[in-house]
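This report describes the fold, the chain contact, the helix packing and some backbone details of the structure shown here.

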Amino acid sequence: MSDLPMAANSGQAPGGPADTATADTGLAVDLTAAPEAAEADVPPELLAQSLGGYVRAWWQRIRGGDSGVLPVVMAIVVVAISFEITNSKFLSPQNLVNLFEQSTVYMVLAMAEIFALLLGEIDLSVGLVMVLGSVVVAELVQPSGPNWPWWAAIIAALLACSAVGAIQGILVARLKMPSFIVTLGGLLILEGVGIIVLGGTLVGIGNSRFTNEVVLYDIFWGQLGPVASWILLAVIIAAAGTGTWLRDVRRRRHGLDAPPRSLTAMKIVLMAVAGVAVVVICNVNRAHFGTIEGVPYIIVIVLVVLAAWTVLLQRTRFGRYVYAIGGNPEAARRAGVSLPSVRTWGFILAAMTSGIAGVLFASWQVSLTTNIIKTASSYVLLAVAAAVIGGTSLFGGRGKTIHGVLGGLVIGGIYNGLYLIGVSSQWIDVVVAAVLLAAAIIDVISRRGAPRQT
Amino acid sequence: MTADSAGTPTETPEGAADYKDLTASVDLTATPVAADVPPEIIAQSFGQYLRAWWSSIRGGNSGVLTVVLAMVLVAIVFEIITPEHAFLRPSNLVYIFGLSTVYMVLAVAETAVLLLGEIDLSVGAVAMIGGVIAFKLVQQPGPGWPWWLALLAALVCCGVIGALQGLLTARLKIPSFVVTLAGFLLFSGILVVILGGADGTVSVSSTAPNQRVIYDMVQGLIVPAVSWAGLAAVVLVAGATLWLRAAARRRHGLTAPPVSLTVIRILLVALVGVAVVLICTMNRGTPLVTVEGVPWVIPIVLVVLGVWTVGLQRTRFGRYIYAIGGNPEAARRAGVSLTAVRTWAFALCGATAGLGGILLGSFFFGEYSTNTADPGQLVLYAVAAAVIGGVSLFGGRGKALHGVLGGLLIGGIAYGVSLLNLGELATPLEYIVPGGVLIGAVLVDVLSRRGSGSVNRV
């Protein structure tokens with residue numbers, strides 16, 4: 001693979017083989033001469049040269065069954081409107097921050113699960129790997145115990161989780177054991193290991209006398225000050241805006257296909273508007289007494305994880321290999337991709353991301369008990385549900401990291417909204433189930449119209 | 001996959017028909033036939049049977065042997081390491097069977113769906129819904145239905161739930177993993193609702209005549225004399241069936257096992273039966289309070305096993321399930337209605353799971369609450385039991401018996417660990433050991449298959 005396919009990936013669902021086809025047709029064939037032939041293979045956005053053309057191409061792709069994030073965004077809008085009607089507190093700044101906080105663990109776990117799903121595998125152990133990470137991090141900072149500094153504890157937790165992922169990945173990739181079984185066994189084993197590492201019945205990080213515990217506590221419950229929030233937003237928008245703009249300029253200079261300037265500008269403006277909205281909402285005082293205002297750290301953390309994994313999956317060779325294996329393992333193998341090592345790394349990354357979720361989880365729960373560990377096996381189902389609701393395929397090769405974040409937001413929103421209107425937890429499960437089913441049905445029906453069928 | 005499907009239905013009429021066609025045209029001594037026909041079918045003497053069996057084991061098709069060996073190993077190890085060597089006491093063995101019942105029945109239910117190459121993640125929740133429905137319907141005051149009507153209603157409800165999930169999978173082609181994952185969440189929620197909230201309970205009494213039947217399904221015992229009479233009847237019927245079937249096959253010139261093998265099979269059935277009844281009829285109470293007799297749950301599990309074995313091995317429906325699991329496209333082109341078979345399989349899986357849920361409640365002394373079991377854990381154990389027993393996750397390979405043996409193994413391990421007085425380690429090991437066994441079982445399966453070259457699982 002040259003640089004061309006990577007560059008062609010700017011906004012579309014990546015399909016390894018299609019990308020190379022793009023490059024070939026784009027170079028060899030006169031585009032105006034045979035529009036039908038070209039359009040059959042090349043995603044229409046690549047041919048579109050004006051903003052109007054882009055919008056039309058986008059619409060055409062949705063009608064063709066490749067709806068991307070549209071269904072989940074619509075689901076978020078529907079959830080928001082219906083809960084706002086039943087309880088006007090739902091869209092209040094206080095609750096929106098709260099909702100995001102409740103969704104973070106699902107979001108990060110779904111991002112972890114997406115590594116496995118993209119490969120066409122499944123990882124049932126993410127929930128318990130998360131628990132392992134949270135227990136390790138909480139145990140290591142105990143002043144009465146190891147008393148490690150917080151950063152060393154976090155690194156150790158992520159390493160421990162990655163090691164679990166490596167073992168599972170090797171069993172799946174090298175010994176060709178089905179990932180469903182390996183990670184189901186992993187789930188059971190880790191449930192026991194988690195209880196052993198926990199030792200007693202309870203470990204907490206809520207003691208404000210110890211700096212290490214305070215830092216861990218603040219990961220979930222702390223926030224930037226309002227001024228710092230604005231500064232951070234400005235830096236992010238400046239960096240992301242320049243990056244986007246310069247990339248498109250460079251593409252144009254090298255004669256590659258690139259979106260029109262108007263679209264680039266619009267993307268940057270949209271990003272800025274969304275960022276400003278988030279900061280404005282977060283900077284409202286949301287405390288009953290005193291002041292709690294500013295952007296919570298976890299929003300930044302989720303964005304960093306999202307950005308890192310998006311770049312990894314969309315812009316690196318490793319990411320292209322992941323999609324290639326998910327799309328067609330045999331084709332990838334014949335193209336020279338080492339299936340075992342990419343698969344193993346996929347499982348390691350999934351486990352490491354679950355470890356990040358674990359650190360957040362420890363901070364969120366403040367104290368961990370055996371009971372929490374025993375109920376953690378349901379988290380994996382919610383993580384899979386979040387990924388699928390977000391638009392990731394269960395059959396590999398289709399999906400993006402952002403789907404996990406959006407799907408997690410839907411699930412968190414449902415939990416939060418139903419809780420606000422006083423619905424008991426069993427009905428929340430029922431609603432999540434209905435949403436998951438709806439997402440799957442939409443996926444199946446939308447794909448039915450599409451020409452490429454698996 | 002073709003080599004695979006030829007391996008499983010060795011006894012189905014299709015296999016035999018293939019063989020007949022071949023013999024009609026090809027001389028048997030010409031070797032190439034052996035490549036396609038399972039050696040057991042060609043074997044004519046007892047010795048040849050043994051050799052054929054051994055070669056099929058070496059070929060990676062070990063059938064129930066692995067799980068039986070694992071059970072023997074588990075029994076020996078726990079007998080040695082448990083305090084006072086208590087593991088193999090009759091009282092413990094009977095208790096293990098009761099404890100394993102729900103895993104066995106759920107694993108059999110799951111097997112039906114796994115054979116299709118699908119998965120049902122909702123069996124745990126559906127089972128508990130079935131149990132709660134049956135328990136609720138016999139309440140007095142309350143609906144006060146007769147026990148058999150309540151059982152029937154619960155099984156029908158669970159069957160309908162299964163059929164709905166099957167329809168979504170089969171008609172709309174939504175992956176069963178997603179459908180039943182949603183079903184798991186949905187029915188876990190509904191379970192709490194019909195229980196009447198997170199701390200709702202429902203129980204059946206051990207004294208009221210109508211409710212007592214449900215209470216006794218796991219807890220009740222058959223008196224020793226009746227136990228022996230029942231055993232005699234079972235062995236007689238099973239023996240006669242085995243014998244007459246082999247005789248009929250011989251008469252019609254079909255391939256049949258040698259007479260010696262039929263006799264050995266009948267003797268084995270009798271031997272196992274006598275051992276079970278002997279263990280169960282020993283007094284496992286105190287000298288003052290006698291507790292003896294075969295628990296009702298053993299014949300109940302045998303009936304479930306028998307019905308599913310006949311359904312899968314001897315009916316058209318069962319052959320269609322194997323055909324779809326082996327190669328759906330080939331089955332479709334052969335005229336099998338994929339939608340109907342899949343929907344029915346999910347429906348029957350649901351109904352079987354419902355029975356498992358009723359037995360679960362009976363095992364917990366007729367009491368149902370949200371703490372009785374975790375539906376998510378039940379389904380994981382059910383899948384684990386089926387796979388440990390030897391059912392393939394990829395469809396087309398496995399039998400109902402595998403589910404029963406796998407469930408018994410998991411229950412035995414769980415109980416053995418709890419006997420060890422490990423203090424703080426007891427709870428974690430309850431999770432770690434089954435997980436390790438699951439991975440170990442599949443690892444053995446994968447490694448043994450590697451030598452055979454017959455199947456590659458991707």
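Of the 454 residues of chain A in this predicted model, 46% count as buried. Chain A is built from 21 helices and two strands. For chain B, which has 458 residues, the buried share is 44%, and the secondary structure consists of 20 helices and four strands. In chain A, residues 24 or more positions apart make up 74% of the contacts with a separation of 6 or more. In chain B, 75% of the contacts between residues at least 6 apart in sequence join residues at least 24 apart.

| Chain | Residues and buried share | Secondary structure |
|---|---|---|
| Chain A | 454 residues, 46% buried | 21 helices and two strands |
| Chain B | 458 residues, 44% buried | 20 helices and four strands |

**Contact between the chains**

Chain A contributes 35 residues to the contact, and chain B contributes 38 residues. On the side of chain A that touches chain B, the elements giving two or more residues are α10 (179–198), α19 (377–390) and α21 (425–449) of chain A. The most comes from α10(A), which gives 13 residues to that side. Sorted by class, the side of chain A that touches chain B holds 26 nonpolar, six polar and three charged residues.

In soluble globular proteins, nonpolar side chains tend to be buried together. Here the largest nonpolar core has 240 residues, and A383(A) and L436(A) have the most contacts inside it. Helix α7 (residues 90–115) of chain B supplies the largest share of this core, 16 residues. Apart from this core lies another, of seven residues, including L96(A), V97(A), F100(A) and V295(A).

With neighbours within four places in sequence left aside, L436(A) is in contact with A385(A), V388(A) and I389(A), and also with V178(B), L181(B) and A182(B) of chain B.

L429(B) lies in helix α20 (residues 426–452) of chain B. Is L429(B) buried or exposed? L429(B) counts as buried because it has 20 C-beta neighbours inside 10 Å. Neighbours within four places in sequence aside, the contacts of L429(B) are G192(A), V417(B) and L422(B). L429(B) and L271(B) are 158 residues apart in sequence, and their C-alpha atoms are 34 Å apart in space.

**Helix packing**

Two packed helices are described by the angle between their axes and the distance between the axes. In chain B, the axes of helix α6 (residues 65–81) and helix α19 (residues 400–419) come within 10 Å and cross at roughly 15°. At that angle α6(B) is roughly parallel to α19(B). The crossing in which α6(B) passes α19(B) is left-handed. On the α6(B) side the contact is made by V67(B), V68(B), A70(B), M71(B), V74(B) and F78(B). The α19(B) side consists of H402(B), L405(B), G406(B), L408(B), L409(B), G412(B), I413(B) and G416(B). The residues of this contact divide into 10 nonpolar, four polar and no charged.

In chain A, helix α15 (residues 317–327) packs with helix α17 (residues 339–365) at an angle of about 105°, and the axes are 10 Å apart. This makes α15(A) roughly perpendicular to α17(A). F318(A), Y321(A), V322(A) and I325(A) of α15(A) meet L339(A), V342(A), R343(A), W345(A) and G346(A) of α17(A). By class, the contact of α15(A) with α17(A) has seven nonpolar, one polar and one charged residues.

**Backbone details in chain B**

Most residues other than glycine have a negative phi, and most peptide bonds are trans. Q140(B) and P141(B) are joined by a cis peptide bond, with omega about 0°. P141(B) is in the loop between α8 (123–137) and α9 (147–170) of chain B.

H85(B), a residue other than glycine, has a positive phi near 45°. H85(B) sits in the loop between α6 and α7 of chain B and counts as exposed, with 11 C-beta neighbours inside 10 Å. F365(B) is not a glycine either, and its phi is positive at about 55°. The loop that holds F365(B) runs between α17 (338–363) and β4 (367–369) of chain B. Because F365(B) has 12 C-beta neighbours inside 10 Å, it counts as exposed.

Note on methods
Residues numbered from 1 in each chain as written. Chains lettered and ligands numbered in written order. Predicted model: local features only at pLDDT ≥ 70, side-chain atom pairs only at ≥ 80, totals over all residues. Contact = placed C-beta atoms within 7 Å. Nonpolar A, V, L, I, M, F, W, Y, C, P; charged D, E, K, R; others polar. Axes fitted to C-alpha atoms, helices over the stretch in contact; angles between N-to-C directions. Parallel < 35°, antiparallel > 145°, perpendicular 65-115°, else oblique. Left-handed = near helix turned anticlockwise from the far one by under 90°. Core = buried A, V, L, I, M, F, W, Y, C linked by C-beta atoms within 7 Å.
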